Amino acid sequence: MDARGARTGPGIGPGIGPRIGIVDSGGPAVQMSGARAFLAEGEGPARPDRLGHGTAVALMIRRAAPQAAILHAQVFDDRPVTSAERVACAIRWLSPRCDLILLSLGLAADRAVLREACAGARAEG
């Protein structure tokens, strides 16, 4: 935590605004420092956005909150297809690092793993 009690962590930067985690397709190369990928082949460093959706979401956040620190959790690769398990892993990873987690995506059905990850993030504050 920093002096104002906000969460800090790798890739987030000092920012004076909120720390916002984005679960999506990644972001522009300049925003990927410290980002993490949660893909079918496993977890690792994130790559720049290949679909453009995460980049568009980050741009909207940057316009609305220019002082926000943004951290990307990549759950999409070359296609807009993911799983509840990958999204849950991303939420669990972002939770201690961010003040707010944004999911601009949908899943076909309710899944216990995702529900539990959201409950855990809420419990952390």
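The model, which is predicted, holds an open sheet of 5 strands in the order β3-β2-β4-β1-β5, with mixed pairing; here strands (E, at least two residues) and helices (H or I, at least four residues) are DSSP runs numbered from the N terminus, and two strands pair if DSSP finds at least two bridges between them. The edge strands, each of which pairs on one side only, are β3 (42-45) and β5 (100-103). From one strand to the next the twist averages 25 degrees, where axes are lines fitted to C-alpha atoms, for helices over the stretch in contact, and angles run from 0 to 180 degrees between N-to-C directions.

Residues are numbered from 1 along each chain as its sequence is written, and side-chain values use heavy atoms, with hydrogens and water left out. Because this is a predicted model, local features need pLDDT of at least 70 and side-chain atom pairs count only at pLDDT 80 or more, whereas totals for chains, interfaces and linings use all residues.

**Strand pairing**

- Strand β1 (residues 19-24) pairs with strand β4 (residues 69-74) in the parallel sense over 6 bridges, and Arg 19 stands opposite Ala 69 in β4.
- β2 and β4 also pair in the parallel sense, over 2 bridges, with Gln 74 in β4 as the bridge partner of Ala 37.
- Strand β2 (residues 36-39) and β3 pair in the antiparallel sense over 4 bridges, and these two strands form a hairpin with 2 residues between them.
- Within β3, Glu 43 is the bridge partner of Phe 38.

**Helices**

- Helix α1 (residues 53-64) lies across β1, β4 and β5, and runs at about 155 degrees to β1.
- The axes of helix α2 (residues 84-94) and α3 come within 8 Å and cross at roughly 10 degrees, which makes α2 roughly parallel to α3, a term that covers angles under 35 degrees.
- The contact (heavy atoms within 4.5 Å) involves residues of α2 including Val 87, Ala 88 and Ile 91, and residues of α3 including Leu 114, Ala 117 and Cys 118.
- By class, this contact of α2 with α3 has 9 nonpolar, no polar and 2 charged residues, where Ala, Val, Leu, Ile, Met, Phe, Trp, Tyr, Cys and Pro count as nonpolar, Asp, Glu, Lys and Arg as charged, and the others, Gly among them, as polar.

**Largest pocket**

- The largest pocket is lined by 12 residues, of which Ser 95, Leu 100, Ile 101, Ala 121 and Arg 122 lie nearest its centre; on a 1 Å grid over the protein atoms alone, a pocket is an open set of points where a 1.4 Å probe fits, with protein on both sides within 12 Å along at least five of seven lines, and lining residues have an atom within 4 Å of a point.
- β5 and α3 (112-124) each supply at least two residues of this lining, whose residues divide into 7 nonpolar, 2 polar and 3 charged.

Definitions and conventions: Angles under 35 degrees count as roughly parallel, over 145 as roughly antiparallel, 65 to 115 as roughly perpendicular and the rest as oblique.
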